[in-house]
Amino acid sequence: LGDILNKLIIGFNATFVHPGRFYLGGFSDMAHDNYYYIFLCFVYIFTVVGNVLLILIIFLIKTLHTPKYLIVFNLALTDLCGSTALIPKLLDTFLFDRRYILYEACLSYMFFVLFFASIQSWTLVIMAYDRFIAICFPLRYHSIVTKTSIAAMLAFEWVLITSIMASTVGLIDRLSFCGSFVVKSFFCDHGPVFYLACNDTSLNRIMAYVALVSFICIPLILIAFTYVCISIALSRIASGEERLKALKTCTSHVILVAVFFLPLVGTNIAAVASYIHPNARIINSTLAYTIPALLNPIIYALKTEEVMNAVKKLWKKTPFINTA
């Protein structure tokens, strides 16, 4: 019986045909595309500098060791890791024309890019929750939003997204690829890869929809709901000055949400509702994955008075400033 089972398992595994390598297609007949990749190179350099500085500022300045900046720290770390997972490999692939990628490396590439993008999405939800409690329940804010509760939410976020993404990417391994090995994207994206399979992809399509709903639709709905509640709470404030002051605490978050979600939502709606040129889809997608990570530290370092005041205090305490 054991020998029969082993033969069945071997036969079952043999039905899956995995290519040794995929070929990343990238842009199709786009003139001077190297300039775009050079632009992304500069985006990555400034992203690394900005996010590393923000991480160091939050780590070094004790007044920023609060639940709110624990979320910002997580976002900066996610932006740094997500950009590092995507851009260096993208530049190596297209700027240096190394478009072939090993099958296993392709799946790892897919996992990490989608994983960090999903972490960023849900971190924005936790930020919205922080603003919701701060404005709707100001007297109970410090008892509800604690470092312990935020750390637990962030840890749960990482574990949940890891399991969903591992399942989504892992199901690619049950597909057979017996036709084209050209991935029509700028990285090993989930859809363009499983579309190449020549056996049943219905489970992969379901997981694609689950991922879309879980990491774009639900976060957007939750963020919209929190701002509806915030708007209702602010409408009850008699003083217009207090209302404006409360709104200012949300501006940074609203900008982050718009920069992150608008390109993703626009690209997905265009792809479902009508035809979108592959080059336009690639540009929109790359900007959606890279520009938020560049802008996030700028928004929180330059537009947040609390961070700027803390940096000024740290600057004044440095030895070379005092001796000058």
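What share of the contacts in the chain with a separation of 6 or more is accounted for by residues 24 or more positions apart? In this predicted model, in which local features need pLDDT of at least 70, side-chain atom pairs count only at pLDDT 80 or more, and totals for chains, interfaces and linings use all residues, such residues account for 80% of those contacts, a contact being defined by heavy atoms within 4.5 Å. Residues are numbered from 1 along each chain as its sequence is written, and side-chain values use heavy atoms, with hydrogens and water left out.

The chain contains twelve helices and three strands, assigned as DSSP runs (H or I, at least four residues, for helices; E, at least two, for strands) and numbered from the N terminus. Along the principal axes, the C-alpha atoms fill a box of roughly 70 × 50 × 45 Å. Of the 324 residues, 45% are buried, where buried denotes under 20% relative accessible area, exposed over 50%, and partly exposed the range in between (1.4 Å probe, protein chains only). There are 23 positive and 16 negative side chains, and the centres of the two sets are 9 Å apart; Lys and Arg count as positive and Asp and Glu as negative, without His or the chain ends, and each charge is placed at NZ of Lys, CZ of Arg, CG of Asp or CD of Glu.

The largest pocket has a volume of about 1300 Å³. A pocket is here an open set of points on a 1 Å grid over the protein atoms alone, where a 1.4 Å probe fits, with protein on both sides within 12 Å along at least five of seven lines, and lining residues have an atom within 4 Å of a point; the volume is the space filled by probe spheres set on the points, which are joined across faces, edges and corners. The lining comprises 42 residues, of which Asp189, Gly191, Pro192, Tyr195 and Asn268 are the closest to the pocket centre. Two or more lining residues come from each of helices H4 (103–136), H7 (190–194), H8 (202–235), H9 (240–273) and H10 (278–302), and from strand E3 (182–183).

Ser83, in helix H3 (residues 67–94), is buried because its relative accessible area is 2%; leaving aside neighbours within four places in sequence, Ser83 is in contact with Tyr44, Thr47, Pro88 and Ala293. Asn34, in helix H2 (residues 33–60), is partly exposed, with a relative accessible area of 37%, and, with the neighbours within four places in sequence left aside, Asn34 contacts Phe94 and Leu95. The C-alpha atoms of Asn34 and Phe96 are separated by 9.6 Å, although these residues are 62 residues apart along the chain.
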